[in-house]
Amino acid sequence: MAAAGMSLRRSSVIISALFRNASRQNSTISHQLVVTQYGDPIKSVSMAEEPLPSLNSNEVKVRMLASTVNPADINTIQGSYAVKPNIPFVGGNEGVGEVIEVGSDVTQLKVGDKVLPAINAWGTWRTYAVCPQNHVFKINPNLSPVEAATMSVNPCTAYRMLKDFVSLKSGDVVIQNGANSAVGQSVIQMCKAWGLKSVNIVRNRPNIEELKKELQELGAHVVLTEEELRCVF
C-alpha cells in the first residue's frame, strides 16, 4: 500500500487463515496450494506438503503472514494471463511474509524483516518458502499484514497511472471510471494525499448512495454514475 491506512474494503480476499495452524506447527514443512494443470481453478488447485531444503548461503526462509486472491491469480491458473509459470507451481502473486532465517552470506535482510515478492509468480499461497535473498524485498514494518499483502498490484498500478503519463500538480483534476475498484480506490486516496481533485465514475446499483459515501470518505471530490455523467454533458 502506498501509505498506511489505505482502505481495503473492496480489495483482494485475504487467505492467511487457511494455513494459520499449519504454519505454527512446523517450519520444516511448507503447506502449499499447488496448480497442477492450467484450467478450472476448482479442478487445478490442490493442497500439498513440501519439505523445506536447508538454506544456501545466499538464501532466506520466509514465513507467510497473509496472501491474497485476485483476478490475476485466477487468470494465471486458467492459463490466460501474460505470465505462465511451468506446471506445477505454487499459486499466488501477492502476499507478505516475515524472514525467520538467513543464510551466512545474506546482507540485505535480517530475521524479523517483513518482505514482499520481488518477482512475478513467486507463489504466495504457502506457509513457508526458501528463496534467494533478491527474490524478496524489505518493506516498512509498520504496515499491517492486510495493507502489506495487497500493496504490490493495485496501489502500484494506481501510482503508475497518475505518475507516468502527465505531470500533475496540486489542484489538477483527475477523472476515472471504475472508481470503486481496488485500483480506483487507490487513485482516490493518492489524489487526496497529493492535493489533486478526483471525479469518479461508477456503475449504478441499488446501494449507490452507500457506495458514493464510502468513496467520499476515502477522499473523492465527486462521485457520479454513468447515467449522471451523461446528463452533465
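The dialogue below takes up the sheet, the ring contacts and the cavities in turn.

Q: What kind of model is this?

A: The model is predicted.

Q: How is a sheet read, and in what order do the three strands lie here?

A: Strands of a sheet pair through backbone hydrogen bonds, either parallel or antiparallel. In this structure, three strands make up an open sheet with the order 3-2-5, and their pairing is antiparallel.

Q: Which strands are the edge strands?

A: Strand 3 (45-51) and strand 5 are the edge strands, as each of them pairs on one side only. Between strand 2 and strand 5, the antiparallel pairing extends over two bridges. Within this region, Val35 stands opposite Phe89 of strand 5.

Q: Where does Glu50 lie, and is it buried or partly exposed?

A: Glu50 belongs to strand 3. The C-alpha atoms of Glu50 and Ser30 are 5.1 Å apart, although the two residues are 20 apart in sequence.

Q: How many aromatic pairs are there, and how is the geometry of a pair judged?

A: There are two aromatic pairs. The angle between the ring planes decides the class: under 30 degrees is stacked, over 60 is edge-to-face, and the rest are tilted. For Tyr38 and Phe89, the ring centres are 6.0 Å apart and the planes stand at 45°, so this pair is tilted.

Q: Which parts of the chain does the pair of Tyr38 and Phe89 tie together?

A: Tyr38 is in the loop between strand 2 (29-35) and helix 2 (41-44), whereas Phe89 is in strand 5, so the contact ties together parts 51 residues apart in sequence. The two partners can also be read by accessibility: Tyr38 is partly exposed, with a relative accessible area of 31%, while Phe89 is buried at 9%.

Q: What is the geometry of the pair formed by Tyr159 and Trp194?

A: That pair is edge-to-face, with 5.7 Å from centre to centre and 75° between the planes. Tyr159 lies in helix 5 (residues 154-163) and Trp194 in helix 6 (residues 182-194), so that distant parts of the chain, 35 residues apart, are linked. Tyr159 is partly exposed at 39% relative accessibility, and Trp194 is partly exposed at 32%.

Q: Which charged ends sit over the rings of Trp194 and Trp122?

A: The charged end of Lys163 sits over the ring of Trp194, 4.5 Å from the ring centre. Over the ring of Trp122 sits the charged end of Arg126, 4.5 Å from its centre.

Q: How many cavities of 30 Å³ or more are there, and what is the volume of the largest?

A: The count is three cavities of 30 Å³ or more. The largest cavity has a volume of about 60 Å³.

Q: Which elements and residues line the largest cavity?

A: Helix 3 (71-78) and strand 5 (89-90) are the elements that give two or more residues to its lining. Helix 3 provides the largest share, three residues. The lining residues include Asp73, Thr76, Ile77, Phe89, Val90 and Ala121. By class, the lining holds five nonpolar, four polar and one charged residues.

Key. Residues are numbered from 1 along each chain as its sequence is written. This is a predicted model: local features need pLDDT of at least 70, side-chain atom pairs count only at pLDDT 80 or more; totals for chains, interfaces and linings use all residues. Side-chain values use heavy atoms; hydrogens and water are left out. On a 1 Å grid over the protein atoms alone, a cavity is a set of points where a 1.4 Å probe fits but cannot get out, and a pocket is an open set with protein on both sides within 12 Å along at least five of seven lines; lining residues have an atom within 4 Å of a point. Grid points are joined across faces, edges and corners, and a volume is the space filled by probe spheres set on the points. Helices (H or I, at least four residues) and strands (E, at least two) are DSSP runs, numbered from the N terminus. Ala, Val, Leu, Ile, Met, Phe, Trp, Tyr, Cys and Pro count as nonpolar, Asp, Glu, Lys and Arg as charged, and the others, Gly among them, as polar. Rings of Phe, Tyr and Trp (its six-membered ring) pair if their centres lie within 6.5 Å; planes under 30 degrees apart count as stacked, over 60 as edge-to-face and the rest as tilted. Buried means under 20% relative accessible area, exposed over 50%, partly exposed in between (1.4 Å probe, protein chains only). A charge sits over a ring if NZ of Lys or CZ of Arg is within 6 Å of the ring centre and within 35 degrees of the ring normal. Two strands pair if DSSP finds at least two bridges between them.
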